[in-house]
Amino acid sequence: MVIARSLQVLANFCGAAADAMAHTLMRTAHSAFIKETEDFSCQIVSREGLAFANPRHFGAPWYSGIDYGPLLAHFDNYRAGDICITNDPEAGHVSTHTPDIHIWKPVFHNGEIACFVVGHIHNTDVGGAVPASLSRSLTEIAQEGLRIPPVKLLEAGVENTFVAELIRSNVRMPEQNLGDLAAQIASVNVGERKMGEIIQRFGISTFLDGVKAILDHAEAQARAVIANVPDGDYFFADFADEDSPGGLPARIAITVRVQGNTLELDYTGSDPQLASSLNMPTGGRERHPLVMVGLTYVLATLSPGIWLNAGTLRPARAVLPEGSVVNSAPGAAIGMRSLTCAMTQIVTIGAFAQAVPDKIPAAAPGGNAILNIKAATKYGRPVMASIGPVGGGGGATPFDDGSDGAGGTTGFLRNTPLEITEAEVPIQFRRYGLEADSGGPGRWRGGLSAVMEFQVFSPGTVVTARNRNRSVMASWGLRGAGQPKVSTFELNPGTERAENLGNTDLVKCGPGDIIRVVGPGAGGIGHPFERLTEDVAADVRRGYVSVEAAKCIYGVVLKKGAVDDAETARLRTSLSVNKGLYSFSAERLAFEAVWSRERYELLTEFLAKQPVGWRAFLKQAVFQAVTDRGSTENLETGMQAIFEDLQQKHHL
């Protein structure tokens, strides 16, 4: 799509300004989660709050289309030098859980606001019931730490010291939090200066017209991509391991409706609001970033040169049922919304795999464990740090293997170098690398998962591992791919004190204890027998695939490292090859043999009619009643009887 050269130049200038904001934040932040892992965002937004420029190489891409309008509207008396702050997810539904502190600053030109510079960081801890503030076991937002309503952090350049004191009094590592906040302030100050220079260069009228044109161009690009997707309704669902600790699978469902150059993401069929922290506080906003990230990824996959900003999302809208896991009511726990958000991305990609099957990758794992440690040095100084994500790689593409160790829906998260962690935290790493045989087997192999093992040396050490997932139902593949490995979490593996921690996300450790985390593998594409024998042999040489898996899964026989062509041909022709669009795990197939789409729709319809506070309880009760029934014969009729019994029993 041809654009005016001057518009491209303006867009490049604004993108460079956002890069400068991100670079400043990274270079001045105190916590490893910002300066190493890069869980932050920086944007330049219009006077109405629509993001039109983002960092091109730094930070989290989830917020490229964010709308700060609801936050900007909290004040009508902006002055030069103002910087505002909030982390309250219920204040305009822009912040999405309490660790994410957002700040924004107006950019003035000749006494009038020209735009705003904004951004957020994920704080390692904001207080609350558990170290690092987040656990799926929490049941209300009041347990998830400090909440700061929208307030001016600086007013006309004068600091509101109460905010800093509020933070200091409520978090576990105040100097770290305040250091990161100072980095945020530096970031928006750099953004204000850069944007002032840009406005001076182009002129205010040209700049304002250019902002509108940048958003309009992104919209036109998105509509052109959508127009090439066949019209139709495309349904897909997937499951997080647990809707609560030790609970049932949590279902995220979507119907993507494509019509011409517009589309709708309908999340009807997703689970009700949960009695855990997996809920998403979207406020029902039809272009909320958390439910649009998957679409952003799909559009960028189908058209890598597309501009990503708020205009990109204009051709789409989301349907978010009230009181559901994708649109929770005020007061609900929401700290683990990133796990659910990853699943919204995966189901979006899964739906588009039907619409454009030769252009979409297989499933990324959607279970990137974010490890944090609270400990103390030998001399008693408290330490709290993120030691990096441990997840899986990217799903295989229709033309190549998936990336190993990292990629897919959370590929933007960087690892923290082990040397930095060991210098800051009293632990020692024993292993950090790739897990053999973990990627989904296929013509194109899914990305391998990461494995991390470390030993702690401080009494009272607490390890948190939020967002762990895919320990039950493995990532799905496409067109006959095999099953990747699921994730594992172990305490003292290989010893008499070994303990399988399942999806526990908070573990108390003592000196000498060892933690081992293995991420889930990503899905592959195509049957493993279709993989070139030389590619299998290369995987074995690299340690990615074992000799046993090469033979049993890929049908490739190796002798002294070389392919035995005759034995391989015999083995590959002796087994049948079954291929459908999706390759689901045995555990998922067993679950859906009982809880089919039709039966889940009956459950969803029943729960949607009940009071929000009852829905999670009733879901558990229905599942238990179906289990107790023992038979799936005439289950649809039986479910109606179960619904009626529950309503009578609880006077609903």
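**Entry 1: a charge over a ring.** I began with K619. K619 lies over the face of F623, 5.6 Å from the ring centre. I keep in mind that this is a predicted model.

**Entry 2: another charge.** I looked up R588 next. Its charged end sits over the ring of F584, at 3.8 Å from the centre of that ring.

**Entry 3: ring against ring.** How many aromatic pairs does the structure hold? I found 19. I picked out W476 and Y582. Their ring centres are 5.8 Å apart and their planes stand at 85 degrees, so I note the pair as edge-to-face. The angle counts as edge-to-face because it is over 60 degrees.

I then checked where the two residues lie. W476 is in the loop between β16 (461-466) and β17 (477-478), and Y582 is in strand β24 (residues 582-583), so the pair ties together parts 106 residues apart in sequence. Is W476 buried or exposed? W476 has 1% relative accessibility, so I count it as buried.

**Entry 4: back to F623.** F623 also has a ring partner, Y600. I noted 6.3 Å from centre to centre and 65 degrees between the planes, an edge-to-face pair. Which helices does this pair tie together? Y600 lies in helix α14 (residues 597-608) and F623 in helix α15 (residues 612-629), so the pair joins parts that are 23 residues apart in sequence. Both Y600 and F623 are buried.

Methods
Residues numbered from 1 in each chain as written. Predicted model: local features only at pLDDT ≥ 70, side-chain atom pairs only at ≥ 80, totals over all residues. Heavy atoms only, no water. Phe/Tyr/Trp six-rings, centres within 6.5 Å; stacked < 30°, edge-to-face > 60°. Helix = DSSP H or I, 4+ residues; strand = E, 2+ residues; numbered from the N terminus. Buried < 20%, exposed > 50% of the residue type's maximum accessible area, 1.4 Å probe, protein only. Lys NZ or Arg CZ within 6 Å of the ring centre and 35° of its normal.
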